[in-house]
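Please take me through this structure one selection at a time. I have it open in a viewer and would like to know what to select next and what is there.

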Amino acid sequence: MAENVWILGIRMTKFGKHADKDIVDLASEAAMGALADAGVTMREMGIMAAGNLMNASAGIGQQIQKQVGQTGIPVYNVANACATGATALRTVIMAIKAGECDMGIAVGVEKLAGAGLLGGGGQAKSDSKVWSPKGRYGAVATTDGRIGTDAMPGTFAQVGMEYGHKYGGATFELFAKISEKNHAHSTLNPLAAYSKRFTLEEIMGDMMIAYPNTRPMCSANCDGAAAAVLVSESKLRTLSLEQQRRAVKVAASVLTTDPYEEACQILPNVNTLTRNAAKQAYETAGIGPEDLDLVELHDCFATAELVHYDNLMLCPEGGAVDFFNSGAPWRDGSMPVNVSGGLQSKGHPIAATGIANVWEVCHHLRGEAGPRQIEGAKVGLAHVIGLGSACGIHVLEKSGL
Amino acid sequence: MTDTAAPVQVPLVDYLVLGDQPHLVANECTSCGARFFDRRNACAGCFATSFEKVDIATSGEVRAFTIVTFAAPGVPVPFVSAIVDCGGTSVRANLINVDADPAKLALGMQVSLATYSLGTDDNGTEAIGFGFEPAS
């Protein structure tokens, strides 16, 4: 049995606009912050994993090392869509579990302020002067906008609408209420890119991006970084009592992709791989969803949050609408979801997201979350999903050391 | 240019078959029956490498839709993007000949395949696209 891995130190930068800082500045701030939080230095790190999705071939890990410490350790530059941060974290966890080292650091960073639509769906389109077949579909012209949408807001809108078709009750107003919750939560998070409370009327009346997602129901493009220092349990036991007390146990670290199912290459199936990851995570951690004190899930759009209540088994199958309407996912409810404000208000600097959500959970488990503390939190779950698809789930437990 | 006449019409994608009864075709795995619209290397479901062309039903039910009002430059908005269940095979398409108004659209609505012209290119060839319109 590979040994347990713990988070020794973790840090996220303020999310928002950082016009005066470049990617390496932000990543270095998070990395040095995580090391200081852990009470260790780059000298103790045996591995680094780093991600910066928008510049995935630029060797962000080495760039960070050149600023914060070059010790010759292996760097794994990772890219896995919106699961990039979770993948960096898991890469370090796997190295420690494999016995290659007893400490390592994971970093995720992105600069996206003002970026607009992301991915292929955001790139300008034009037809060529001659219809000639190109690509795997033999398309003679642009298909985005002619054969459905390539952009994220509409893709995830359809994900939520499909759930509504299957189970009912998923109205525009319901999705807007989910966004209202997350924006309300964000008012307690000083590191959120946006911490303004919106009324339901403001959310529903805002600019429509892809029905039923209006602008505030979409994740906020912003700048930010997050980093975590991980340690093996045997190494942790040699450190100070204070370090042991503040350390957070990684009870499960799971990464999945979507298994083939009918329709999964037509509309990305973000459900099955999340459900599979959740099952694995609960089994590995030896807990059930009812044991969770808080959940940070991937609300890239309000329509996505709904389906993940179900996929993470926070409610009975098909019961996500009732679960939301019961008030459960509000911070004073029975299963607080996205008390950070979620991606819709905290922001979504892609490669940072899968570490920043772990930071949020750790903050509560350590009892350091200030005004937004979920009292007595002992176990939390952090979930991300990147289209393509990749799903990362980390289950975290308060230290009993 | 050669002196042979260019075809009068070409489909937007190679899985749209034109003619008197336009329809979509899929590559169906001869081993497990999984259906794909793209050029295949192997089956994502069972890894087999043998496929045959199958016709897809030209009518179906809207399983999901969105009205896109903000898109990349060069993509006209609004348009209605949908997932249509055509007799058990999911198809991605626009809903056409409908108002882009949520009050006029419904999950579960019955739709039929329809084609339209994308215009002609510099050689005079006309490209034909497809979408689904409310079933009459």
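Residues are numbered from 1 along each chain as its sequence is written, and chains are lettered from A and ligands numbered from 1 in the order in which they are written. This is a predicted model, in which local features need pLDDT of at least 70, side-chain atom pairs count only at pLDDT 80 or more, and totals for chains, interfaces and linings use all residues.

**Stop 1: a helix in chain A**

Select residues 23–38 of chain A, which form helix α1. Helices (H or I, at least four residues) and strands (E, at least two) are DSSP runs, numbered from the N terminus. The expected span of a helix is 1.5 Å times one less than its number of residues. For the 16 residues of α1(A) that gives 22 Å, and the end C-alpha atoms are 22 Å apart, which agrees.

Now colour the helix by burial. A residue is buried if 20 or more other C-beta atoms lie within 10 Å of its own, exposed if 12 or fewer, and partly exposed in between, with C-beta atoms placed from the backbone. Of the 16 residues in α1(A), 12 are buried, so the helix is largely enclosed by the rest of the structure. Among them are A:I23, A:L26, A:A30 and A:L35. A:E29 and A:D37 are also buried.

Show what surrounds the helix. The buried residues of α1(A) pack against β1 (5–12), α2 (60–68), β4 (103–110) and β7 (224–232) of chain A. Just after the helix, A:G39 has a positive phi of about 75 degrees.

**Stop 2: the core**

Select A:V107 and A:L230, the residues with the most contacts inside the largest nonpolar core, which has 171 residues. Such a core is a set of buried Ala, Val, Leu, Ile, Met, Phe, Trp, Tyr and Cys residues joined through C-beta atoms within 7 Å. Helix α13 (residues 350–365) of chain A gives the most to this core, with 10 residues.

Two residues are in contact if their C-beta atoms, placed from the backbone, lie within 7 Å.

**Stop 3: two helix pairs**

Next, show helix α3 (residues 84–97) of chain A together with α13(A): the two pack at an angle of about 60 degrees, with their axes 5 Å apart. Axes are lines fitted to C-alpha atoms, for helices over the stretch in contact, and angles run from 0 to 180 degrees between N-to-C directions. Angles under 35 degrees count as roughly parallel, over 145 as roughly antiparallel, 65 to 115 as roughly perpendicular and the rest as oblique. The pair α3(A) and α13(A) is therefore oblique. Residues making the contact include A:T84 and A:G85 of α3(A) and A:I350 and A:V358 of α13(A).

Then select helix α5 (residues 172–186) and helix α10 (residues 302–311) of chain A, whose axes come within 8 Å and cross at roughly 90 degrees. That makes α5(A) roughly perpendicular to α10(A). A:F175, A:A176, A:I178 and A:S179 of α5(A) meet A:A302, A:T303, A:E305 and A:L306 of α10(A).

**Stop 4: chain B and its side facing chain A**

Switch to chain B, which has 0 helices and 10 strands. Buried residues make up 35% of its 136 residues. Its C-alpha atoms fill a box of roughly 45 × 45 × 30 Å, taken along the principal axes.

Where does chain B meet chain A? In all, 45 residues of chain B are in contact with 43 residues of chain A. The elements of chain B giving two or more residues to this side are β6 (59–68), β7 (79–86), β8 (89–95) and β10 (126–134). The largest share, 6 residues, comes from β6(B).

**Stop 5: single residues in loops**

Return to chain A and select A:P212, in the loop between β5 (208–210) and β6 (213–214). The peptide bond from A:Y211 to A:P212 is cis, with omega near 5 degrees. Another cis bond runs from A:G388 to A:S389, with omega near 10 degrees.

Finish in chain B with B:F47, in the loop between β4 (35–36) and β5 (51–55). Its phi is near 75 degrees, a positive value in a residue other than glycine. B:F47 counts as exposed because it has 11 C-beta neighbours inside 10 Å.
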